[in-house]
Amino acid sequence: MATAMERLAFAAGQAARVGWYMGQYALAARIDGGRVAKRPPDGTRMPDTADVLAELRELMRRDWANIEAGLYRMPHDLLPDPVRLLREARLFFEDLPRVARRRREGVKAARMQPAPEQAGGLPRYYLQNFHYQTDGYLSDRSARLYDHQVEVLFGGGADAMRRQALVPVAEHLRGRRVRGLRLLDVAAGTGRFLTFVKDNWPGLEVTALDLSAPYLAEARRRLSPWRHAHCVQAAAEAIPAPDGAFDLVTCVYLLHELPPKVREQAAAEMARVLKPGGLLVVVDSLVLGDKPALDPLLELFPAAFHEPYYAGYIRQDFRPLFEAAGLNAAPVSLAFLSRVAAFTKP
């Protein structure tokens with residue numbers, strides 16, 4: 001049971017976190033010329049800062065309730081290193097003019113021409129400046145900046161949304177001996193989500209799978225304090241593992257960045273490598289109708305942040321893709337701007 005002091009520390013830490021990242025979002029928007037100022041064509045009310053803060057407060061209440069219920073531990077970096085925070089903020093604002101230029105110039109400016117040694121073996125859809133970010137996913141600089149950029153975008157709520165994937169994992173593992181069990185995180189990026197997994201279940205063997213060599217290098221560094229952590233460079237639609245190789249599979253914020261056909265292939269691959277009786281947890285963006293009041297934000301997002309496949313993603317529930325691959329779907333849970341879906345393999 002969490003103590004009153006822990007509750008106070010969590011509340012203070014998360015309030016400071018939201019203030020830090022939302023303040024940077026507001027400043028970045030001013031520097032960037034207001035980003036994309038566009039109203040919904042049908043006159044629908046666009047959510048404002050008060051609406052977003054209310055959603056963030058609800059997310060943090062939910063995060064704390066999960067901690068208090070013993071589903072997962074307090075965030076391991078509740079009190080982050082201030083030197084690191086300042087360094088990341090400096091890098092973010094130094095890179096912002098390049099991001100702003102691509103946003104002004106539009107989609108063509110977000111098509112990369114990477115060096116042959118970078119592009120070799122990578123699918124064409126991947127070679128873009130997603131979010132207009134410098135270097136796409138193909139440089140050490142991008143890997144260092146990515147998590148900070150995402151937290152600015154979500155007002156400090158990105159980690160709390162990621163942690164909602166731990167809830168079905170905790171329920172699935174309750175009373176089980178985790179040593180010897182294997183978890184695959186598909187599109188693991190810099191390994192941020194897996195640090196929460198290992199902090200809660202250090203004996204669980206985890207594999208970070210991603211297409212980006214620089215991001216996997218960052219993941220390897222972050223996971224170095226724990227044993228039984230591996231990194232594999234591969235695509236979600238072609239997972240280099242035999243059928244039923246993993247007891248658990250997780251996938252956080254990948255599906256909305258995939259073309260429809262590749263999305264279908266990735267779902268089939270995740271189902272294939274999951275053991276019978278295993279659990280798959282997917283965290284991704286809301287789709288239209290999940291929270292109707294936030295639909296205008298979803299419609300605006302692909303134009304403001306260059307998500308080339310997002311407009312199609314939000315118009316289709318992804319659960320049937322996994323059901324078609326033989327998995328059973330549990331009801332979706334919503335957390336701020338994310339949906340959490342759990343699947344089991346008969």
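**Cavities and a pocket in the predicted model**

The second largest cavity has a volume of about 40 Å³. The model in which it lies is a predicted one, and two cavities of 30 Å³ or more are counted in it. Lining this second largest cavity are Gln14, Arg17, Pro75, Asp77, Leu78, Asp159, Arg163 and Arg192. Helices α1 (4–31) and α6 (158–163) each give at least two residues to this lining. Sorted by class, five of its residues are charged, two are nonpolar and one is polar.

The largest cavity holds about 390 Å³ of space. Its lining is made up of 27 residues, and Ala187, Ala188, Gly189, Asp210 and Tyr253 are the ones that lie nearest the centre. At least two lining residues come from each of α5 (140–153), β1 (182–186) and α8 (192–200). Here the classes divide into 18 nonpolar, seven charged and two polar residues.

Turning to the open spaces, the second largest pocket has a volume of about 630 Å³. Of the 30 residues that line this pocket, Asp77, Arg84, Leu85, Glu88 and Arg192 lie nearest its centre. Asp77 and Arg192 also belong to the lining of the second largest cavity. Six helices, α1, α3 (82–105), α5, α6, α8 and α9 (213–223), each supply at least two residues of the pocket lining, and the largest share, seven residues, is that of α1. By class, the lining of the second largest pocket comprises 15 charged, 10 nonpolar and five polar residues.

Methods
Residues numbered from 1 in each chain as written. Predicted model: local features only at pLDDT ≥ 70, side-chain atom pairs only at ≥ 80, totals over all residues. Heavy atoms only, no water. 1 Å grid on protein atoms, 1.4 Å probe; cavity = no way out; pocket = protein on both sides within 12 Å on 5 of 7 lines; lining within 4 Å. Points joined across faces, edges and corners; volume = space filled by probe spheres on them. Helix = DSSP H or I, 4+ residues; strand = E, 2+ residues; numbered from the N terminus. Nonpolar A, V, L, I, M, F, W, Y, C, P; charged D, E, K, R; others polar.
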